[in-house]
Amino acid sequence: MTDPALLSDDELVIKVVDVSDCLACGTPGLLLVRYKHSWKNHIGDDVPGIRETLLCPQCSRQNSAAAELIALFAVDEKMSLENVDTFGGLVVAWVESLRLGSVDEELLAAEHDQWQRGAL
Ligand SMILES: [Zn+2]
């Protein structure tokens, strides 16, 4: 399989190769998700956007879904057919929790910094 995205559609892209280091702590990232994320502007209109979030083994830990993903990487560094369903489900759960807004402030700041430098 040459496509680096395990799961790829309009809603969610998961990148597991060539993942950059965490901008907040410098630890190599486990994976990167890119997903649609809309928010309300000051007059209450929905503003559609795309967000990218890195799964960091240090910074993402306080999110329970992310912690399960990190645990999966810890026990099995290679994705297999047996665990790819579990993996996909955990990623979806993690992204849903990110969409709900329980995003670590430090990571948000890091993402903002990345965005300012044109990386997003
Ligand atoms: Zn980190």
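Q: Which elements do the buried residues of α2 pack against?
A: Bear in mind that this is a predicted model, where local features need pLDDT of at least 70, side-chain atom pairs count only at pLDDT 80 or more, and totals for chains, interfaces and linings use all residues. Residues are numbered from 1 along each chain as its sequence is written. Helices (H or I, at least four residues) and strands (E, at least two) are DSSP runs, numbered from the N terminus. The partners of the buried α2 residues are β2 (12–15), β3 (31–36), β6 (50–55) and α1 (64–75).

Q: Which residues of α2 are buried?
A: Buried here takes 20 or more other C-beta atoms within 10 Å of a residue's own, exposed takes 12 or fewer, partly exposed is in between, and C-beta atoms are placed from the backbone. The α2 residues that qualify as buried are Phe 87, Val 91, Trp 94, Val 95 and Leu 98.

Q: Within what arc do the buried residues of α2 fall, seen down the axis?
A: An α-helix has 3.6 residues a turn, so residues three or four places apart point the same way. The arc is taken from the directions from the helix axis to the C-beta atoms. The buried residues of α2 line one face of the helix, because they fall within an arc of 95°.

Q: Which exposed residues sit on the face of α2 turned away from its buried side?
A: Helix α2 covers residues 84–99. Its face turned away from the buried side carries the exposed Asp 85 and Glu 96.

Q: Are α1 and α2 roughly parallel or roughly antiparallel to each other?
A: Their axes, lines fitted to C-alpha atoms over the stretch in contact, are 8 Å apart and pack at about 150°, on a scale from 0 to 180 degrees between N-to-C directions. Angles under 35 degrees count as roughly parallel, over 145 as roughly antiparallel, 65 to 115 as roughly perpendicular and the rest as oblique. So α1 and α2 come out roughly antiparallel.

Q: Where is Cys 22, and is it buried or exposed?
A: Look in the loop between β2 and β3 for Cys 22. With 21 other C-beta atoms within 10 Å, Cys 22 is buried.

Q: How far apart in space are Cys 22 and Cys 59, C-alpha to C-alpha?
A: Cys 22 and Cys 59 are 37 residues apart in sequence. They are in contact, meaning that their C-beta atoms, placed from the backbone, lie within 7 Å. C-alpha to C-alpha, the separation is 8.3 Å.

Technical notes. Expected span 1.5 Å × (residues − 1). Contact = placed C-beta atoms within 7 Å.
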